[in-house]
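Please go through the points below with the model open.

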Amino acid sequence: MLPVAVMLALAGCAKPQSATDPTVTGAIAHPVTNDDLQKAADYWGARYQKNSKDRDAALDFASAEQRLGNAPAALTVLQAASLTFPGDRDVLAALGKAFAATGNLSDALATLQHAEDPAKPDWKLMSAEAAILDQMGKNDDARRLYAQAR
């Protein structure tokens with residue numbers, strides 16, 4: 001166990017490689033811009049318009065809209081997707097987060113709780129629920145959920 005701890009400590013002292021270092025792979029050449037996000041929203045929006053029952057298109061279109069700051073549009077897409085895919089955990093999780101982004105905390109909490117599967121706890125969902133509980137002023141409940149999410 002000690003050698004692993006020593007290696008981790010020494011790794012922290014290593015000189016970081018720059019993003020332009022040719023030996024570094026997978027580095028992002030530039031930060032994501034609003035133009036990039038708009039292109040993604042246009043692409044996924046067109047794909048979603050062609051087939052509103054395309055789960056991935058709905059999720060990605062809503063995500064792009066959300067990142068552009070258009071939470072109401074993301075919410076609309078995800079509400080429709082939740083009708084098409086009523087038990088889909090990813091759709092419900094995204095819908096719950098979209099409700100929260102538009103300020104509808106009670107619907108956000110109810111949707112995220114509906115997405116939960118006690119047999120397969122998801123710390124991301126639990127953490128999102130806890131954040132909403134915090135926003136609702138239910139800090140003790142939030143702390144308990146944060147502790148469970150660890």
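**Notes on the predicted model**

1. Start with E65. E65 is buried yet has no salt bridge. The nearest side chain of opposite charge is R67, 12 Å away. Buried means under 20% relative accessible area, exposed over 50%, and partly exposed in between, with a 1.4 Å probe and protein chains only. A salt bridge is a side-chain nitrogen of Lys or Arg within 4 Å of a carboxyl oxygen of Asp or Glu. For charge, Lys and Arg count as positive and Asp and Glu as negative, while His and the chain ends are not counted.

2. Ground rules. This is a predicted model, where local features need pLDDT of at least 70 and side-chain atom pairs count only at pLDDT 80 or more, while totals for chains, interfaces and linings use all residues. Residues are numbered from 1 along each chain as its sequence is written, and side-chain values use heavy atoms, with hydrogens and water left out.

3. Where E65 sits. E65 is found in helix α3, residues 55-67. Helices here are DSSP runs (H or I, at least four residues), numbered from the N terminus. Not counting residues up to four places away in sequence, E65 touches A41, N70, A71, A73 and A74. Contact means heavy atoms within 4.5 Å.

4. The core. How many residues does the largest nonpolar core have? It has 32 residues. Y48, V77, L78 and I132 have the most contacts inside it. At least two residues of this core come from each of α2 (34-50), α3, α4 (71-84), α5 (89-101), α6 (105-115), α7 (123-135) and α8 (139-149). A nonpolar core is a set of buried Ala, Val, Leu, Ile, Met, Phe, Trp, Tyr and Cys residues joined through side-chain atoms within 4.5 Å. In soluble globular proteins, nonpolar side chains tend to be buried together.

5. Y48 in detail. Leave aside its neighbours within four places in sequence. Y48 is then in contact with A57, A58, F61, V77 and A80. V77 is also among the residues with the most contacts inside the core.

6. A93. This residue is found in helix α5. Is A93 buried or exposed? A93 counts as buried, because its relative accessibility is 11%. Beyond residues up to four places away in sequence, A93 touches L112, A115 and L125. A93 and T111 are 18 residues apart in sequence, with their C-alpha atoms 7.2 Å apart in space.

7. Salt bridges, α2. A search of the whole structure finds eight salt bridges. One joins D35 and K39, with the closest N and O atoms 3.4 Å apart. The two are four residues apart in helix α2, so about one helical turn separates them. D35 counts as partly exposed at 47% relative accessibility. K39 is exposed, with a relative accessible area of 52%.

8. R143 and D140 meet through their side chains at 2.7 Å, N to O. They are three residues apart in helix α8, so about one helical turn separates them. R143 is exposed at 52%, and D140 is partly exposed at 48%. R144 and D141 form another salt bridge, at 2.4 Å, N to O. Both lie in helix α8, three residues apart, about one turn of the helix. R144 counts as exposed at 51%, and D141 as partly exposed at 35%.
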